[in-house]
Amino acid sequence: MANFFEEADISASKKRILNSALVLFVEKGFFNTSIPDLVAHSGVSTGSIYHAFKDKEQLATTLMDLLLDKVEADQAGLLSTHSGCWQRYYHLAKWLFEMTEDFPHVMQFILYARHREFMPTIQPLCSSKPFMTLRSVLEQGQQAGELRTMDLMVASSIAYGSILRLIQLHLDGVAPEPLKEHLDELTSAAWRAIK
């Protein structure tokens with residue numbers, strides 16, 4: 001399994017701990033994952049885990065912060081190489097599909113974990129910068145006259161809702177075929193609805 005944190009500027013042991021936490025929090029849940037589980041999965045000692053992270057809550061918070069930072073950086077890189085609302089929207093959808101297939105645990109953690117149960121101070125994910133970026137692409141499209149003016153939350157739901165739903169179906173094994181097979185059809189249908 002690929003390590004989502006491979007390029008992060010942190011120690012190798014922290015990368016192993018974070019990757020194991022990601023997998024175990026998705027597969028077992030936050031509350032059912034113990035420090036001994038993390039030790040067994042990561043191969044990192046209990047002392048090293050507590051040296052790197054004060055407790056499991058800090059580990060989860062660090063995990064979420066790093067996930068969102070990487071997603072934000074990936075989005076910024078993608079948006080810098082594409083112009084125009086359609087191109088940006090299409091390539092963001094493609095990137096979401098690719099990330100789901102390359103890093104399914106990341107998408108499962110982002111979409112399925114009940115983050116506020118174990119990180120009560122975290123802002124709702126739909127208010128995080130990566131989700132705001134998805135919306136801002138549509139807002140800029142409306143301002144440029146590429147999209148019709150409509151409520152931004154409705155436009156975002158139309159543009160990304162079907163994409164996120166197909167991702168969930170794929171992660172659940174209900175739609176096992178490669179997501180890219182549906183990219184053009186989904187993005188074109190959503191685009192027609194908001195254009």
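How exposed is Val154, and what does Val154 count as at its relative accessibility? Val154 counts as partly exposed, at 41% relative accessibility; here buried means under 20% relative accessible area, exposed means over 50%, and partly exposed is in between (1.4 Å probe, protein chains only).

A word on the model before the views. This is a predicted model, in which local features need pLDDT of at least 70 and side-chain atom pairs count only at pLDDT 80 or more, while totals for chains, interfaces and linings use all residues. Residues are numbered from 1 along each chain as its sequence is written, and side-chain values use heavy atoms, with hydrogens and water left out.

**View 1. Val154 sits in helix 9.** Helices (H or I, at least four residues) are DSSP runs, numbered from the N terminus. Helix 9 covers residues 152-171. Pick out Val154 and then look for Ser127: they are 27 residues apart in sequence, and their C-alpha atoms are 15 Å apart in space.

**View 2. Helix 9 packs against helix 10.** The angle here is about 165 degrees and the axes are 8 Å apart. Axes are lines fitted to C-alpha atoms, for helices over the stretch in contact, and angles run from 0 to 180 degrees between N-to-C directions. Helix 9 and helix 10 are therefore roughly antiparallel; the cut-offs are under 35 degrees for roughly parallel, over 145 for roughly antiparallel, 65 to 115 for roughly perpendicular, and oblique for the rest. On the helix 9 side you'll find Ala155, Ile158, Ala159, Ser162, Ile163 and Leu166, which meet Leu186, Thr187, Ala190, Ala193 and Ile194 of helix 10. Contact means heavy atoms within 4.5 Å. Sorted by class, this contact of helix 9 with helix 10 has 9 nonpolar residues, 2 polar and no charged. Ala, Val, Leu, Ile, Met, Phe, Trp, Tyr, Cys and Pro count as nonpolar, Asp, Glu, Lys and Arg as charged, and the others, Gly among them, as polar.

**View 3. Helix 5 also meets helix 10.** Helix 5 spans residues 85-102 and helix 10 spans residues 183-194; their axes come within 10 Å and cross at roughly 140 degrees. That makes helix 5 and helix 10 oblique to each other, and the crossing is right-handed. From helix 5 come Cys85, Trp86, Tyr89, Tyr90, Ala93, Lys94 and Phe97, and from helix 10 come Leu183, Asp184, Leu186, Thr187, Ser188, Ala190 and Trp191. The contact of helix 5 with helix 10 has 10 nonpolar, 2 polar and 2 charged residues.

**View 4. Zoom in on Trp191, in helix 10.** Trp191 is buried, with a relative accessible area of 11%. Setting aside neighbours within four places in sequence, Trp191 is in contact with Cys85, Trp86, Tyr89, Glu146 and Leu147. Take Leu147: Trp191 and Leu147 are 44 residues apart in sequence, yet 8.6 Å apart from C-alpha to C-alpha. Trp191 also belongs to a cluster linked by ring pairs, together with Trp86, Tyr89, Tyr90 and Tyr160. Rings of Phe, Tyr and Trp (its six-membered ring) pair if their centres lie within 6.5 Å; planes under 30 degrees apart count as stacked, over 60 as edge-to-face and the rest as tilted.

**View 5. Phe30 and Phe31 form an edge-to-face pair.** Searching the whole structure turns up 10 aromatic pairs. In the Phe30 and Phe31 pair, the ring centres are 5.2 Å apart and the planes are at 85 degrees. Phe30 is buried, with a relative accessible area of 5%, whereas Phe31 is exposed at 55%.

**View 6. Helix 4 crosses helix 6.** Helix 4 (residues 56-80) and helix 6 (residues 104-112) have axes that come within 12 Å and cross at roughly 110 degrees, and the two are therefore roughly perpendicular. This crossing is left-handed. Leu63, Met64, Leu67 and Val71 of helix 4 meet Val106, Phe109 and Ile110 of helix 6. In this contact of helix 4 with helix 6, 7 residues are nonpolar, with no polar and no charged.

**View 7. Thr133 lies in helix 8, residues 129-143.** Thr133 is buried, with a relative accessible area of 10%. Apart from neighbours within four places in sequence, Thr133 is in contact with Gln75 and Leu79.

Note on methods:
A crossing is left-handed if the near helix is turned anticlockwise from the far one by less than a right angle, and right-handed if clockwise.
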